[in-house]
Amino acid sequence: MKALLVVDIQNDFCPGGALAVPDGDKIIPVANSLSEVFKHVVLTQDWHPGGHHSFATSHKDRKPFDTIEMPYGDQVLWPDHCVQGTSGADFHPSLDTNRAQLIIRKGFRKQIDSYSGFYENDHETSTGLTGYLRDRGISSLYITGLASDFCVKWTAIDAVKEGFGVTVIRDAVAGIDIDGSVKKAWEEMKGAGVQVALSHDLLTS
Ligand code: VGL
Ligand code: ZN
């Protein structure tokens, strides 16, 4: 069985938001159409407490998009974004969330960031998503959402590691793009065994 995974389509990742993905909102109609043809739809939601350690404002003399060393590895510092309970953390108003059966929130531990819907950035702390999908008999995942170079990439790569068949829908994702990170993300995803498809192929078959 297959499921659609909709990654972080939240106000802060769309134009006007705190960590806007250029044209991030353009993929929303595509994500909505896809969610109509999948029986199983799961959303992820970036969900940080105020003062989260991935925020540049939590570190003296640091600015957004600097990289620092954290106990679990390199960490890009972000503008404050997707703070729990704020409108920036809400799903974008044009995203159709009605057909979603599960919402996985991530990044709620103050000391650790979580790009992937499966594991936090220590690659060890599980969100429980694998167990949910397995229990429901889902073996292949189709991914749409934001951002292709961070949360989509890590979700897709972790999904392959967890044993799922994984397809990222190329026209249903968009990236932040820091120093070529979008291009690098596609290379990494393909190298890990992620398949790539176009929404058209899924909507017409
Ligand atoms: C994301 C940076 C920080 C994402 C989340 O959804 O790709 N990127 N938090
Ligand atoms: Zn975040």
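In this predicted model, the sulfur of Cys-82 lies 8.7 Å from the closest cysteine sulfur, that of Cys-151, which is too far for a bond. A disulfide would require the two sulfur atoms to be within 2.5 Å. A search of the whole structure accordingly returns zero disulfides. Cys-82 counts as buried because its relative accessibility is 0%, and Cys-151 also counts as buried, at 6% relative accessibility.

The zinc ion (ligand 2) is coordinated by Asp-46 through OD and by His-48 and His-81 through NE2, at 2.0 to 2.2 Å. Along the chain, these donors follow the spacing D-x1-H-x32-H. The two histidines link distant parts of the chain, 33 residues apart: His-48 belongs to the loop between strand 2 (41-46) and strand 3 (67-70), and His-81 to the loop between strand 4 (73-76) and strand 5 (102-106). Both His-48 and His-81 are buried. The arrangement around the zinc ion (ligand 2) is irregular because its four donor atoms subtend angles of 88 to 168 degrees, whereas a tetrahedral assignment requires all angles to lie between 85 and 135 degrees.

The largest pocket has a volume of about 370 Å³. Its lining comprises 20 residues, and those nearest the centre of the pocket are Val-76, Tyr-115, Phe-150, Lys-153 and Trp-154. Strand 4, helix 3 (151-161) and helix 4 (181-192) are the elements that each contribute two or more residues to this lining. Classified by type, the lining of the largest pocket consists of eight nonpolar, six polar and six charged residues.

Definitions and conventions. Residues numbered from 1 in each chain as written. Chains lettered and ligands numbered in written order. Predicted model: local features only at pLDDT ≥ 70, side-chain atom pairs only at ≥ 80, totals over all residues. Heavy atoms only, no water. Donors = N, O, S within 2.8 Å, 3.2 Å for Na, K, Ca; no water. Tetrahedral: all angles 85-135°; square planar, octahedral: opposite > 155°, others 65-115°. Helix = DSSP H or I, 4+ residues; strand = E, 2+ residues; numbered from the N terminus. Buried < 20%, exposed > 50% of the residue type's maximum accessible area, 1.4 Å probe, protein only. 1 Å grid on protein atoms, 1.4 Å probe; cavity = no way out; pocket = protein on both sides within 12 Å on 5 of 7 lines; lining within 4 Å. Points joined across faces, edges and corners; volume = space filled by probe spheres on them. Nonpolar A, V, L, I, M, F, W, Y, C, P; charged D, E, K, R; others polar.
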